[in-house]
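Hi everyone, thanks for coming.

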Amino acid sequence: MSQDFPMQIRDNPPGKDLPLVSILINNYNYGSYLKQAIDSALNQTYPHIEVIVVDDGSQDNSAQIIHSYTQQPVIAIFQENEGQASTFNAAFLASSGEIICFLDADDFFYPEKTSIVVDKFLDCSDIGWIFHNPTYVDAHSTVLPREKPAGSICRTEIVDFREIFEQGSRFTLALPATCGLCMHRKVLQQILPMPKSQGVTISDNYLKYAALALSPGMLLDKQLAAQRIHGKNIYTFRNDYKLRAEINIKTGFYLRQNFPQIFRFADKIFARGCGEMIAEAGWSSLTVLPEFQTYLQNYAPPSMLAKNGSKALLHALWFKLKKLRAF
């Protein structure tokens with residue numbers, strides 16, 4: 001049975017009887033792109049927005065750029081460097097919108113994004129999230145002729161993956177980057193604050209999977225934002241298997257801890273990450289992770305350990321073969 005998320009209209013100025021949209025921008029040392037990101041949020045065709053920028057301890061000119069928006073409605077938050085998860089938490093805490101749109105500071109929105117997203121939410125009161133693919137651009141905002149990843153959103157449809165996640169069934173959809181995530185507040189407040197892991201952040205994968213586990217939503221086949229590929233991207237189009245392994249381990253662990261109804265799905269992510277870590281960096285790199293140690297203590301009775309341990313070893317063999325074929 002689907003949950004209902006009716007839009008709650010706030011006491012807005014005359015002529016703006018519309019749901020407030022909060023655009024949450026997270027930034028760390030992206031001063032060269034930050035102005036375009038903020039301007040793209042402020043220049044939406046939709047009239048009722050708030051823009052919140054969280055600077056995560058940048059050492060470049062980001063603070064100067066943020067402070068330049070003195071005459072425009074930008075809420076600025078400056079904090080010590082704690083990672084992306086911390087910026088999501090801080091921005092959401094400061095927000096008031098019924099609809100939340102996320103934006104990394106090296107990406108940008110197209111002007112009609114929030115208008116289209118609001119229309120979809122208002123038309124479909126039972127959805128709690130909308131995900132869409134981005135356009136890929138280079139450092140100079142030129143569109144790149146890059147194909148969509150396999151399994152990307154290819155048609156607009158309302159979907160409900162909750163049963164799939166609870167059963168731990170195979171899930172192959174390639175979910176979009178941060179700039180393609182839009183959520184209803186009633187869903188997001190069940191997810192945030194998200195855990196702030198030491199070292200590698202659990203990133204936006206945690207947000208995506210948690211949202212899919214909590215509510216039906218819409219896959220929207222429109223490119224409403226641009227994701228920048230500039231050579232310094234932390235995750236996108238990088239074959240850093242050790243980084244990906246640690247993200248999967250931590251994502252699986254915290255999903256299992258905070259959303260026990262999808263433990264089967266979380267265990268699969270965790271086992272995959274363990275296999276990647278063993279294949280890429282060896283057993284010792286896996287055992288030093290606090291999340292791995294806690295998982296063994298809390299979630300690994302002998303039967304479960306045997307099942308997920310065998311999955312992890314199969315993943316390790318698969319990734320070893322994959323690397324050998326690449327040479």
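Let me start with a question: does Asp267 count as buried or exposed? Asp267 counts as buried, at 3% relative accessibility; here buried means under 20% relative accessible area, exposed over 50%, and partly exposed in between, using a 1.4 Å probe and protein chains only.

A word on what you are looking at: this is a predicted model, where local features need pLDDT of at least 70 and side-chain atom pairs count only at pLDDT 80 or more, while totals for chains, interfaces and linings use all residues. Residues are numbered from 1 along each chain as its sequence is written, and side-chain values use heavy atoms, with hydrogens and water left out.

Now, the partner. Asp267 forms a salt bridge with Arg256, with 2.7 Å between the closest N and O atoms; the term means a side-chain nitrogen of Lys or Arg within 4 Å of a carboxyl oxygen of Asp or Glu. This pair links distant parts of the chain, Asp267 in helix H9 and Arg256 in helix H8, eleven residues apart. Helices (H or I, at least four residues) and strands (E, at least two) are DSSP runs, numbered from the N terminus. Arg256 is buried too, at 12% relative accessibility.

Next comes Glu276, which pairs with Arg244 in a salt bridge at 3.1 Å between the closest N and O atoms. Glu276 is buried at 1%, whereas Arg244 is partly exposed at 31%. Together with Arg272, these two residues are linked in a network of salt bridges.

And how many salt bridges does the structure hold? Nine!
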